[in-house]
Amino acid sequence: MSISTSKSEQAKLTEQDRELIMATQEGLPLVSDPWGELGRQLGMRAEDVLARFQQMQNSGVIRRVAAVPDHYKLGYRYNGMTVWDVSDSAISEMGQRVGDLPFVSHCYRRPRHLPYWSFNLFAMVHGTSREEVEDKARQIKDLLGDSCAGNTILYSSAILKKTGLRLRKQKDTP
Amino acid sequence: MSATAEPKARRPMSDDKPVFTDIERAIINRLQYGLPLTLTPYQDVADELGITEQQLLDQLKALLANGTLTRFGPMFHAGEMGGGLTLAAMRIPAEDYDRVTEQVNSFPEVAHNYRREHELNMWFVLATETPEGIADTIARIEALTGYPVYNMPKEQEFHVNLHFEI
């Protein structure tokens with residue numbers, strides 16, 4: 001299933017979790033013992049730091065601890081946000097089928113904003129050339145068939161900002 | 001093409017073909033999947049890749065310093081943190097694009113911001129601590145920039161798997 005709300009109920013952050021998140025928003029320490037290093041900063045034992053991270057990953061608060069590349073620098077210079085106007089009756093089924101295509105990295109249903117925006121299905125497609133992205137979009141179009149009334153591809157021409165999700169200090173939030 | 005011409009991009013695309021060493025390639029591919037949550041995570045990945053832990057750490061630092069990696073650390077799932085998350089778009093005329101970019105990027109709630117070739121030419125992800133924070137942030141962005149923000153929260157998620165093999 002797609003929409004998960006149940007997990008977030010369980011995923012309440014402890015004060016220690018918040019401190020660990022704040023301490024690693026810029027990144028995990030690049031030292032041999034990252035948990036021990038964080039523990040020294042926060043007055044926790046390395047084992048406990050690790051246990052909190054394992055818990056946060058299990059509950060889904062953290063997807064994973066990973067490298068986030070600048071995809072342009074990896075040669076994936078064409079990042080096409082393909083968007084589709086899919087009939088409301090077909091979108092749940094067709095969205096899942098589009099999302100299952102191996103070359104689709106993100107796939108979501110989102111609201112229309114008529115008259116500027118009639119597209120309700122977003123499928124992100126990456127390629128090393130515009131032709132590659134267009135070929136993949138054609139495969140999506142074939143799959144959607146009559147359920148789709150229109151589509152376009154939005155290419156990104158610059159990354160204006162990419163910092164990842166940040167948690168603000170609690171006292172900053174009103 | 002959209003009517004907006006070419007205000008200067010922060011990180012324009014380059015035509016250089018990326019060249020990576022075998023070790024860099026192995027590290028980039030491996031670490032997108034996530035660090036094992038073990039007591040010696042870097043040592044364990046280094047063993048897997050057949051390099052030393054020091055080599056792994058040095059290479060990681062270099063890849064971050066030259067911008068190949070934008071970040072190495074926990075990838076938070078704002079929805080699961082009980083916060084708000086949305087995608088939003090704006091229509092900004094060329095003459096105002098730099099100013100509005102500056103203003104939108106100044107919000108800590110803006111996690112990513114992309115210029116895209118469309119009438120809606122600025123697309124950003126907003127992450128807030130509470131679900132109510134989204135509407136509030138959008139109102140403040142509209143007030144500061146003078147342009148409407150089109151909110152496009154996800155209504156259904158079909159797939160998320162961002163991994164770039166090189």
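## Where chain A meets chain B

Strand 1 of chain A runs antiparallel to strand 2 (residues 69-76) of chain B, and seven bridges join the two. Strands count as paired if DSSP finds at least two bridges between them. This is a predicted model, in which local features need pLDDT of at least 70, side-chain atom pairs count only at pLDDT 80 or more, and totals for chains, interfaces and linings use all residues. Residues are numbered from 1 along each chain as its sequence is written, while chains are lettered from A and ligands numbered from 1 in the order in which they are written.

**Chain A by itself**

- Chain A has six helices and five strands; these are DSSP runs (helices H or I, at least four residues; strands E, at least two), numbered from the N terminus.
- Along the sequence, their pattern reads α-α-α-α-β-β-α-β-β-α-β.
- Of its 174 residues, 36% count as buried, meaning that 20 or more other C-beta atoms, placed from the backbone, lie within 10 Å of the residue's own.

**The contact between the chains**

- Chain A brings 72 residues to the contact and chain B brings 68 residues; two residues are in contact if their C-beta atoms, placed from the backbone, lie within 7 Å.
- The largest share of chain A's side, nine residues, comes from strand 5 of chain A.
- That side of chain A divides into 35 nonpolar, 24 polar and 13 charged residues. Here Ala, Val, Leu, Ile, Met, Phe, Trp, Tyr, Cys and Pro are nonpolar, Asp, Glu, Lys and Arg are charged, and the others, Gly among them, are polar.
- In strand 2 of chain B, B:Leu69 is the residue opposite A:Pro69.

Notes:
A residue is buried if 20 or more other C-beta atoms lie within 10 Å of its own, exposed if 12 or fewer, and partly exposed in between; C-beta atoms are placed from the backbone.
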